[in-house]
Amino acid sequence: MKKLITIFVGLLILASATVCFAAEYYEMTYEAKNFTEDLKNDQALSETFTTPYGVLKVQVRKLWQSTDDKRLHFIAWMDDSRIADEHLPKVEYGYTFRVFKNTSNGDMFYALQSIDRACLYGYSPTKKQLMVYIDSLNYAHEAGAYPYIVALKNGDLVLAFEKGNSTKRYRFNWDSKANWFGYSELGTGWPSVSKDKQ
């Protein structure tokens with residue numbers, strides 16, 4: 001009987017470890033690459049996404065009479081409530097917008113990136129606003145390196161910095177207790193994410 005209990009406890013520990021350490025899988029569900037380059041004055045890109053918390057609408061408008069540091073207006077609504085409202089500077093090559101889904105729990109995250117900065121947003125149901133969960137400015141990288149937030153073919157969500165043949169990566173996993181992303185630094189020497197992203 002004692003041996004049977006020991007085996008049963010061992011199986012419980014193994015099962016809980018599998019649950020705790022099961023890898024998350026992120027998939028890219030939408031991409032608008034350098035979309036702001038094609039926007040005319042006072043024209044907007046608007047997209048709607050069904051999320052676990054309601055219908056999210058995102059709009060980025062190119063403002064006609066505005067200074068370069070406030071050229072784009074980024075607004076987001078969850079159902080009918082405005083959850084984000086900010087101005088973005090004009091940047092060379094424009095902005096890319098991506099949507100990622102965590103297939104383990106259905107949560108969705110939204111990357112907005114330029115050659116200078118990449119941010120990952122997500123909706124916080126407790127704060128009822130769009131939060132910046134990842135900001136490339138907060139992670140060590142070589143000056144002048146381009147930031148990319150992408151889902152890789154293996155399902156990892158990464159922030160990569162690339163400059164010529166020099167690359168550096170960070171991998172992110174959702175921490176449900178902290179309601180935030182934890183990360184691990186993967187170091188340098190990786191191939192370009194263009195060869196490894198979904």
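Buried means under 20% relative accessible area, exposed means over 50%, and partly exposed lies in between (1.4 Å probe, protein chains only). The model is predicted: local features need pLDDT of at least 70, side-chain atom pairs count only at pLDDT 80 or more, and totals for chains, interfaces and linings use all residues. Residues are numbered from 1 along each chain as its sequence is written, and side-chain values use heavy atoms, without hydrogens and water.

**View 1. Asp42 in the loop between β1 and β2.** Strand β1 spans 26-32. Strands are DSSP runs of E, at least two residues, numbered from the N terminus. Asp42 is not a glycine, yet its phi is positive, near 65°. Its relative accessibility is 46%, so Asp42 counts as partly exposed.

**View 2. The hairpin of β2 and β3.** Two residues lie between the strands. Strand β2 covers residues 44-51, and β3 covers residues 54-62. They run antiparallel, joined by eight bridges. Thr51 has Gly54 in β3 as its bridge partner. Thr50 stands opposite Val55 in β3.

**View 3. The open sheet β2-β3-β4-β5.** Four strands make up this sheet, with antiparallel pairing. Strands β2 and β5 (81-88) are the edges, each pairing on one side only. The twist averages 15° from one strand to the next. Two strands pair if DSSP finds at least two bridges between them. Axes are lines fitted to C-alpha atoms, and angles run from 0 to 180 degrees between N-to-C directions.

**View 4. Asn179 in the loop between β12 and β13.** Asn179, a residue other than glycine, has a positive phi near 50°. Asn179 counts as partly exposed because its relative accessibility is 42%.
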